Each structure stands twice: as C-alpha cells, then as structure tokens.
Amino acid sequence: MSQKQIKLAAIIISIIAFLFAFMTNYIGYGGKMNLLAYVTTIAFALSLIANALNALKLTTQWGFWLIYNFVQLTKAGIQGNFANIGKYIFCILNAIGALFVWNDEEVEK
C-alpha cells in the first residue's frame with residue numbers, strides 16, 4: 001500500500017470507529033454521557049482502529065495502541081483502579097518498544 005492509501009484507510013477507519021463507539025456507548029450509558037463515558041468511547045474507538053490496522057499489518061497501529069494505552073490509563077485513574085494503572089504503564093512501554101522494532105524492520109525491507 002502507498003502512504004496515501006494508508007492515510008486514507010486510517011481516516012476512513014477512524015471515522016467509522018468513532019461513530020460506532022459513540023453510538024454504542026451512548027446506548028450503553030442510556031444517553032447519560034459523563035466524563036467516564038467519553039473516555040470509554042475514545043478508548044473503544046482507538047482499540048477498533050488499532051485492531052483494524054493490525055489486521056492490515058500496518059505499522060501505524062502502534063501509534064494508535066500508544067494513544068489507546070494513555071486513554072486507558074486516564075480511565076483507570078478516573079475509576080481509581082490502581083491495578084490497571086500499573087498494567088497500562090507497562091502497555092505504554094510495550095507500545096513504545098514495538099514502535100521502534102516495527103520501524104526498524106520497515107527500514108530493513
């Protein structure tokens with residue numbers, strides 16, 4: 001895929017994912033959206049995007065996973081879930097490492 005096609009695919013996937021995530025969370029929260037509902041919507045949409053990009057085997061996914069992990073870290077903080085705070089700190093470090101490894105492999109090709 002060319003860079004232009006990758007960007008277009010990421011934009012289309014992102015729009016669909018955010019609309020779907022918002023609709024499902026809006027229904028799930030009974031229309032009573034609050035800070036946690038919006039953070040959950042963003043996390044859900046980012047996971048959909050990252051998984052779609054993973055299925056396409058695109059390195060771009062790791063940037064989305066990194067952002068997703070920061071959003072999940074925020075969500076865990078809002079909920080006071082300290083176990084998940086630790087988990088997402090580890091996941092952030094993993095995503096940063098994966099970004100370097102995948103970028104190195106693309107340069108070698």
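**View 1. Phenylalanine 100 on helix H4.** Phenylalanine 100 counts as exposed because its relative accessibility is 56%; here exposed means over 50% relative accessible area, buried under 20%, and partly exposed in between (1.4 Å probe, protein chains only). This residue lies in helix H4 (residues 82–108). Helices (H or I, at least four residues) and strands (E, at least two) are DSSP runs, numbered from the N terminus. From phenylalanine 100 to leucine 53 there are 47 residues in sequence and 17 Å in space, C-alpha to C-alpha. Please keep in mind that this is a predicted model: local features need pLDDT of at least 70, side-chain atom pairs count only at pLDDT 80 or more, and totals for chains, interfaces and linings use all residues. Residues are numbered from 1 along each chain as its sequence is written, and side-chain values use heavy atoms, with hydrogens and water left out.

**View 2. The protein chain as a whole.** Of the 109 residues in the protein chain, 34% are buried. The protein chain exposes about 6900 Å², and carbon and sulfur atoms supply 69% of that area; accessible areas come from the Shrake-Rupley method with a 1.4 Å probe, and for residues only the protein chains shown count as cover.

**View 3. A nonpolar patch on the surface.** Phe20, Phe22, Met23, Tyr26, Ile27 and Tyr38 form this patch, with about 640 Å² of accessible area together. Patches are made of residues with over 30% relative accessible area and no salt bridge, where like charges are joined within 9 Å and nonpolar side chains (Val, Leu, Ile, Met, Phe, Trp, Tyr) within 5 Å. A salt bridge is a side-chain nitrogen of Lys or Arg within 4 Å of a carboxyl oxygen of Asp or Glu. Helix H1 (residues 3–28) gives the most to the patch, with 5 residues. Tyrosine 26, found in helix H1, is partly exposed because its relative accessible area is 41%. Not counting residues up to four places away in sequence, tyrosine 26 touches Gly31 and Met33, a contact being heavy atoms within 4.5 Å.

View 4. Helix H2 (residues 35–55) has 21 residues and reaches 30 Å from its first C-alpha to its last, close to the 30 Å expected at 1.5 Å a residue. That expected span is 1.5 Å times one less than the number of residues. At the start of H2, a side-chain oxygen of asparagine 34 comes to within 3.1 Å of the backbone nitrogen of leucine 36. The buried residues of H2 pack against H1 and H3. One to look for is threonine 41 in H2, which counts as buried because its relative accessibility is 5%. Leaving aside neighbours within four places in sequence, threonine 41 is in contact with Ala21, Phe22, Asn25 and Met33. After H2 comes lysine 57, whose phi is positive, near 60°.

**View 5. Helix H3 and the glycine after it.** Helix H3 (residues 61–79) has 19 residues that should span 27 Å at 1.5 Å a residue, and its end C-alpha atoms are 26 Å apart, which agrees. Among the buried residues of H3 are Trp62, Phe64, Trp65 and Leu66. Just after H3, glycine 80 takes a positive phi of about 70°.

Conventions: A polar contact is a pair of N or O atoms within 3.5 Å; within protein, one must be able to donate a hydrogen and the other to accept it, and residues adjacent in sequence count only if both atoms are side-chain atoms.
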